[in-house]
Amino acid sequence: MSEEFDPADYSFVVKRRGNPPRAWKWEIYRAGRWGPLESSPVFFESMAVAAKEGKKALARLLAKAKHAA
């Protein structure tokens with residue numbers, strides 16, 4: 001059974017996973033799956049910076065998935 005690619009199934013969140021001053025990470029999720037598909041390899045010093053980088057990472061993942069579909 002093949003799955004159709006739907007960009008709306010993917011999202012990213014920013015979570016506090018560490019200790020200050022670098023406590024923030026982004027994580028990418030797909031609907032219907034438990035746990036993140038991908039998460040930032042580093043911690044960020046602010047939620048805003050983590051969100052900016054998470055948005056870029058999601059765009060890269062969606063572009064890659066679109067070409068693979």
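Me: In which element of the protein is confidence lowest, and in which is it highest?
Reply: This is a predicted model, in which local features need pLDDT of at least 70, side-chain atom pairs count only at pLDDT 80 or more, and totals for chains, interfaces and linings use all residues. Residues are numbered from 1 along each chain as its sequence is written, and side-chain values use heavy atoms, with hydrogens and water left out. The mean pLDDT (the predictor's confidence in each residue, from 0 to 100) is 92 for the protein, and 94% of its residues reach 70 or more. With helices (H or I, at least four residues) and strands (E, at least two) taken as DSSP runs numbered from the N terminus, confidence is lowest in helix 1, at a mean of 94, and highest in strand 2, at 97.

Me: How many residues of strand 2 are buried?
Reply: Buried means under 20% relative accessible area, exposed over 50% and partly exposed in between, with a 1.4 Å probe and protein chains only. W24, W26, I28 and R30 point one way from strand 2, while K25, E27 and Y29 point the other way. Residues on both sides are buried, and the count for strand 2 is seven of seven.

Me: Which residue of strand 3 is the bridge partner of I28?
Reply: Two strands pair if DSSP finds at least two bridges between them. Strand 2 is antiparallel to strand 1, with seven bridges, and antiparallel to strand 3, with two. In strand 3, the partner of I28 is E38.

Me: With which residue does the side chain of K15 make a polar contact?
Reply: K15 lies in strand 1 (residues 10-16) and is partly exposed, because its relative accessible area is 29%. Beyond its neighbours within four places in sequence, K15 is in contact (heavy atoms within 4.5 Å) with A23, W24, K25, E27 and Y29. A polar contact is a pair of N or O atoms within 3.5 Å; within protein, one must be able to donate a hydrogen and the other to accept it, and residues adjacent in sequence count only if both atoms are side-chain atoms. At 3.5 Å, the side chain of K15 makes such a contact with the side chain of Y29.

Me: Is S40 buried or exposed?
Reply: S40 is located in the loop between strand 3 (38-39) and helix 1. A polar atom of its side chain lies 3.0 Å from the backbone oxygen of V42. Not counting residues up to four places away in sequence, S40 touches K25 and W26. Because its relative accessibility is 1%, S40 counts as buried.

Me: What is the angle between the planes of F5 and Y10?
Reply: Rings of Phe, Tyr and Trp (its six-membered ring) pair if their centres lie within 6.5 Å; planes under 30 degrees apart count as stacked, over 60 as edge-to-face and the rest as tilted. By this rule the count is one aromatic pair. F5 and Y10 form this tilted pair, 5.9 Å centre to centre, and the angle between the planes is 40°.
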